[in-house]
Amino acid sequence: MRFVRRYLLPRFIQYVLVIFLGITAVFFIPRFTPSDPVQRTIAELQSHGSYLDPGSIDEMVEDLREMYGLEGSMLEQYGAFWKRVFTGDFGVSFFQFPTPVMDLIRTSLPWTAGLLLWATLLSWIVGNLLGGLAGYYARSRWSRALDTVAMVVRPMPYYIFALSLLILFAYVVRLFPIAGGTDIGRRAAFNWKFIVDVLRHAFLPALSMIVLGVATTFQTMKLIVQNVNAEDFVQYAKLGGVKERRIVSRYVIRNAMLPQITNLALALGQILSGALITEIVFSYPGLGTLLFNAIVTGDYNLIMGITALSILAITSAILLIDLVYPLFDPRVRLM
Amino acid sequence: MWRKHWCLALAVAVALVLPLVGVAQLADLPRSETLIMSILTGRVGTPGNFNEWVGWKWRDRGMQNLANEPLWSIDFATGEIINGLAAGDPVYDSNFFHVEIPLREGVTWSDGTPFTADDVVFTVELLMDTPGFNNHAFFAENVELVYRIDDYRVGFDLKLANSRFHTTFLDRWGCTWIMPKHIFEDVEDPITFEFDPFIGCGPYKLHSYDPAGYWTVWEKRDDWANSPTGILYGEPKPTYIVLQAFANEGAKIIAQLTHQLDGVDLSAEGLKAALAQGDTVRAYQLSFPWVVNNDPAITGFIFNTAKAPYDNPDVRWALTLAIDIVEYAGQAVDGMGTLSPVHIPSLGSYPANFIKPMEDWLEAFTLDLGNGETFQPYDPDAPAGVVAYARSRGYIVSDDPEAQEQAFGLGWFKYAPEAAAKLLEKNRFSQDAEGNWLLPDGTPWRIEVVSRSDTSHLEFKNASAAVQQWKQFGIDAVHVPTDAAATLTQNGDFDIAGNWPAQEPWGAGPDLYRTLNAWNSTYVRPIGELTNGNHSRWSSPEMDEVLADLRATDPADTAATIALGIEGLKIAFTEMPGTPTFGYIGFVTWDEYYWANWPGAENSYIGPYAHWGTFKYMTPFLEPTGN
Amino acid sequence: MRVLRDLFKDYRFAFSFTILCLLLILALLSAFSPYDPTFWWHATRDLRPSWTHFLGTNSKGQDVFWQATYAVRNSLIISVIAGTVSRVIAILVGMIAGYRGRLTDRVLMFVSDSFLVMPLFLIIVLLAMLVREHMNLVNLGLLLAFFGWAWDARVIRSQILSLREREFTQTAILSGTKTMRLVMKEYLPFATPLIFSTLINNMAWAIGMEITLAILGLSNMDIPTLGTMLQWAISYQALLLGWWWWLLTPIVLAIFLFVALYWLSVSISEYLDPRTRIQRVGAR
């Protein structure tokens with residue numbers, strides 16, 4: 001009970017408050033930018049030389065404002081927004097009128113979640129594995145070689161790396177497709193062909209993310225393991241003749257894992273923010289481009305929908321870490 | 001110990017990846033019968049919603065260019081108006097309050113239902129009665145009554161005399177489409193109705209689409225002979241047509257180089273890259289300047305004539321004269337554009353109908369520089385300068401004067417910084433010790449030129465080239481590319497913008513009403529409000545008079561229409577609310593590996609763009625190569 | 001100086017220090033550039049590297065080498081501003097939260113968490129759109145600083161928390177040391193390695209963020225930075241047209257900058273941590 005009161009409750013309150021604050025900020029900030037969604041729609045309709053009779057534009061603006069729910073003061077809109085949100089209704093997208101925001105998110109989410117989930121998990125596992133071993137055998141040649149490689153790969157601007165992968169494996173050596181999430185004309189179904197198709201298209205984007213992810217995780221883990229390795233209790237175990245395998249797994253890695261688990265949880269929480277540059281380079285469907293287009297066209301509802309989910313995911317991840325951490329780290333339990 | 005594990009891991013990884021290898025992108029569609037083109041407007045945001053009458057639905061994903069047939073279409077390549085669902089020209093009565101439109105017989109919708117005047121009547125009535133449709137306001141304001149005269153004739157009684165009423169059905173990258181009555185009449189809420197699958201009178205019908213919006217596949221109708229395309233031109237050759245979106249230009253180019261994309265719109269640099277690396281890739285023109293230069297739009301920049309000092313025509317002219325057009329064209333588009341001194345592009349029938357007849361007037365046009373000095377700005381040799389520039393870059397340009405005129409225009413303005421300086425000084429501008437220009441109140445003159453942020457867009461190119469020229473002239477000019485450009489210019493929150501200096505003309509026919517009407521004074525709004533006409537917010541009583549005269553002139557009366565058009569152009573030229581530089585150029589490349597007989601400059605049977613409505617008329621002429 | 005000599009024994013420090021010095025020289029060279037960086041067309045386009053143009057010219061008619069000097073200078077300015085301002089905020093917040101505890105701590109950590117959680121990218125993009133033409137180097141640096149302090153504040157705070165429990169704190173308080181003096185004189189040295197390594201990481205993050213913003217077309221394209229140089233090269237299809245000198249210059253410079261910063265931070269923090277210093281430098 002004391003635990004709940006001193007540990008859980010404050011964190012829970014903070015959780016709710018942070019979500020509230022975040023969503024409020026994301027509500028108001030787009031409305032202050034110069035991009036007006038109504039004018040944006042009209043501009044899009046007029047672009048490419050298409051003709052909107054100037055005499056009828058006034059009334060069109062009125063109609064659009066009403067359909068978009070942009071009438072009334074900002075506070076009125078704010079109130080109406082909260083009423084809708086509790087039913088899970090984020091309204092309709094302005095630019096993709098009249099598609100509801102949740103529909104748009106539902107279509108793009110599986111792609112983003114699928115790609116990023118696998119990329120994050122794989123790079124975390126592989127990176128930690130390599131990093132752990134490299135940290136333990138820090139003096140060995142291959143460990144230092146890997147470190148140098150990671151050192152050079154890590155600061156590479158992601159865009160260039162991804163574009164180079166695309167050109168290398170889709171043009172120079174034609175192994176993988178250039179764009180899209182699936183083949184053209186492929187209808188979604190749960191059969192083998194579809195799955196292979198999706199994997200084929202996801203390979204290069206995932207590879208680009210995994211390579212950089214592994215490089216980062218590798219270095220972090222190596223550093224941590226090196227520090228843990230230098231700790232007294234590990235030295236003592238070595239001198240005491242404990243089997244190497246046991247030292248590595250139960251003494252070193254278990255202690256090194258704690259901060260890495262925190263990082264994993266945070267990374268997983270970030271999935272819903274999408275991977276914008278990946279989607280741009282590989283023409284991959286996902287939340288990143290959806291969000292970016294929404295920002296640029298001033299599509300308030302869509303911005304709010306995606307961002308709210310993203311905030312929810314990240315705060316939940318942090319809350320989860322806070323709740324679960326005491327289980328892993330006994331030192332926190334004593335606090 | 002570890003080594004064995006590594007080898008095993010590697011082997012497993014390779015075994016997992018191997019089945020994934022393979023480049024082909026078409027699932028179950030025969031490549032030799034499929035045409036793949038790129039969508040201009042990018043990824044489709046509403047893939048399952050084909051309701052074109054509300055909002056923006058990415059109509060160039062195959063809707064306007066394959067499956068829908070409008071009443072009439074503009075073809076700017078041949079300068080003709082093609083009859084689609086209409087059987088001929090509209091017939092107005094003498095005071096333009098009533099018009100009759102004849103419709104084509106023998107046309108069926110792609111689900112087999114015959115097309116009749118009932119569809120047209122239904123469409124107009126629905127649009128008139130229901131707020132929320134894009135064209136609701138237009139029809140509600142203009143149409144008193146719409147009715148069928150018989151199965152293939154429809155009549156309109158108008159509320160306002162409007163000799164150009166029918167142009168709302170004239171497709172020039174968008175117009176009012178006809179709804180299939182048999183589908184829409186049973187729909188509860190036509191605003192949110194998704195209209196999936198799209199049913200139209202064009203030769204193609206919907207096959208499938210990507211729920212993520214990256215591709216749409218269209219299939220040739222079995223009864224293609226019942227579509228106007230089939231009736232006019234014969235059987236379309238591709239069985240399937242794919243409209244595909246890519247999120248970045250590099251991917252587009254690579255797709256074309258690997259023969260997975262037959263036609264694509266690129267940027268200037270992308271075009272160079274594609275031509276350099278592809279052996280079966282060709283551009284619209286087979287040699288320099290390669291570009292599609294008959295796109296009916298004139299680019300340049302506009303001044304905010306509601307804001308000082310750009311409300312002064314002398315200042316506007318000075319800024320125009322401070323530009324060295326040869327450098328400008330070289331910087332913006334490597335010399336590939338067709339110059340035009342007036343507010344319409346120099347293409348098709350426009351040079352013959354408008355620019356050449358104006359040449360004497362243009363050469364005689366004089367600016368008053370103050371102190372009794374005058375200056376004649378027109379320079380018929382400007383295009384020759386561009387030719388010299390192109391040759392200095394290593395491009396091959398023909399000596400044929402006609403070819404040069406066609407490619408580079410008839411003339412522009414002289415590069416006259418001294419005359420510009422005098423014009424400015426006449427209006428109490430001055431220069432400081434370092435040559436920087438100061439406003440009449442003594443403060444340094446700073447110009448912010450706004451444009452959209454897409455670096456390949458001609459707005460951007462014009463804006464940055466102009467900024468460079470003015471910097472050299474001594475003005476603190478800065479280019480501000482921003483995604484909010486549309487909003488800023490509509491609200492009047494800018495100095496100079498890279499927008500087109502004039503509304504785009506039809507591209508066919510002698511009528512310039514579309515362009516001139518953008519300067520109608522009734523559309524101008526004060527700064528801070530959304531303005532409806534041209535964003536330069538310029539108007540003049542003389543232009544209003546010309547517009548009134550035009551409205552009372554039958555568009556079929558060619559001589560009168562052209563004369564009024566010339567008058568309008570002269571007024572715009574004198575006032576220079578925006579400076580025209582060169583015509584819009586499109587960078588289109590075609591891959592001839594699977595399909596040939598594209599409508600290039602040497603074989604221009606129809607407009608070259610895949611995103612225009614006229615693309616469906618191209619399909620019967622493309623030839624499969626047999627690969 | 002002995003410190004410096006010891007540091008140089010670490011090959012990573014030697015390498016990164018040299019690289020950073022070279023980059024700094026490059027940045028300072030920009031003051032001697034014969035060309036104004038915002039002007040285009042002062043040289044023939046697309047020339048390969050030669051004696052007149054060391055790194056060739058780009059498609060906008062600018063000399064790549066002199067553009068690069070400005071690019072390095074500007075990127076360094078942005079990252080230094082972002083890094084130092086965010087350090088100051090992070091230190092203030094972290095130290096006060098860590099030392100005061102209770103309500104102050106809760107409130108400050110709440111604010112910091114809110115910043116962590118905020119969809120950073122979205123807000124930067126929106127603000128970039130809002131600010132448009134006023135987006136110069138300093139403003140971009142400040143904008144990035146505004147978002148870069150949250151994580152590090154928390155890290156500093158936990159360091160302070162552990163220090164607070166140590167004996168010397170009690171001793172200091174009992175002997176009447178004022179809070180400010182305690183924090184500044186006693187805690188700061190402990191926190192310095194942390195602060196320094198987070199500074200370097202933050203600088204690297206700022207440069208990366210700047211490159212991303214440039215690629216998305218959100219920063220002022222007229223000001224040459226590593227990001228805008230890269231973006232211009234990409235949009236002019238330098239890769240497919242084979243103008244490697246224009247494309248590789250910002251990439252190689254960015255890589256060197258990042259590697260140098262990273263190695264610098266690793267070697268300095270290893271040096272400052274007594275246990276690892278002995279491993280590195282040898283017992284004395």
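How many residues does the contact take from chain B and from chain A? In this predicted model, 72 residues of chain B and 72 residues of chain A take part. Together the two chains bury about 6300 Å², and carbon and sulfur atoms give 60% of that area. On the side of chain B, the residues that lose the most area to chain A are B:Leu20, B:Gln25 and B:Trp56, which together make up 10% of what that side buries.

Charged and polar pairs also join chain B to chain A. Two salt bridges are found across this interface. One of them links the side chains of B:Asp28 and A:Lys193, at 3.8 Å from N to O. Eight residue pairs are in polar contact across the interface of chain B and chain A, both residues being at pLDDT 80 or more. Several elements of chain B give two or more residues to the side that touches chain A, among them α1 (2-17), β9 (204-209) and α16 (485-491). The largest share, five residues, comes from α16(B). By class, this side of chain B has 37 nonpolar, 25 polar and 10 charged residues.

Chain A also meets chain C. Here 34 residues of chain C are in contact with 41 residues of chain A. The buried area is about 3600 Å², with 82% given by carbon and sulfur atoms. C:Phe110, C:Val117 and C:Leu126 supply 17% of the area that chain C buries against chain A, more than any other three residues. Across this interface there are zero salt bridges and zero residue pairs in polar contact with both at pLDDT 80 or more. Helices that each supply at least two residues to this side of chain C include α4 (102-117), α9 (179-215) and α12 (244-272). By class, the side of chain C that touches chain A has 26 nonpolar, four polar and four charged residues.

Technical notes: Residues numbered from 1 in each chain as written. Chains lettered and ligands numbered in written order. Predicted model: local features only at pLDDT ≥ 70, side-chain atom pairs only at ≥ 80, totals over all residues. Heavy atoms only, no water. Contact = heavy atoms within 4.5 Å. Buried area = accessible area lost by both parts, 1.4 Å probe. Salt bridge = Lys/Arg side-chain N within 4 Å of Asp/Glu carboxyl O. Polar contact = N/O pair within 3.5 Å; in protein donor to acceptor, adjacent residues only side chain to side chain. Helix = DSSP H or I, 4+ residues; strand = E, 2+ residues; numbered from the N terminus. Nonpolar A, V, L, I, M, F, W, Y, C, P; charged D, E, K, R; others polar.
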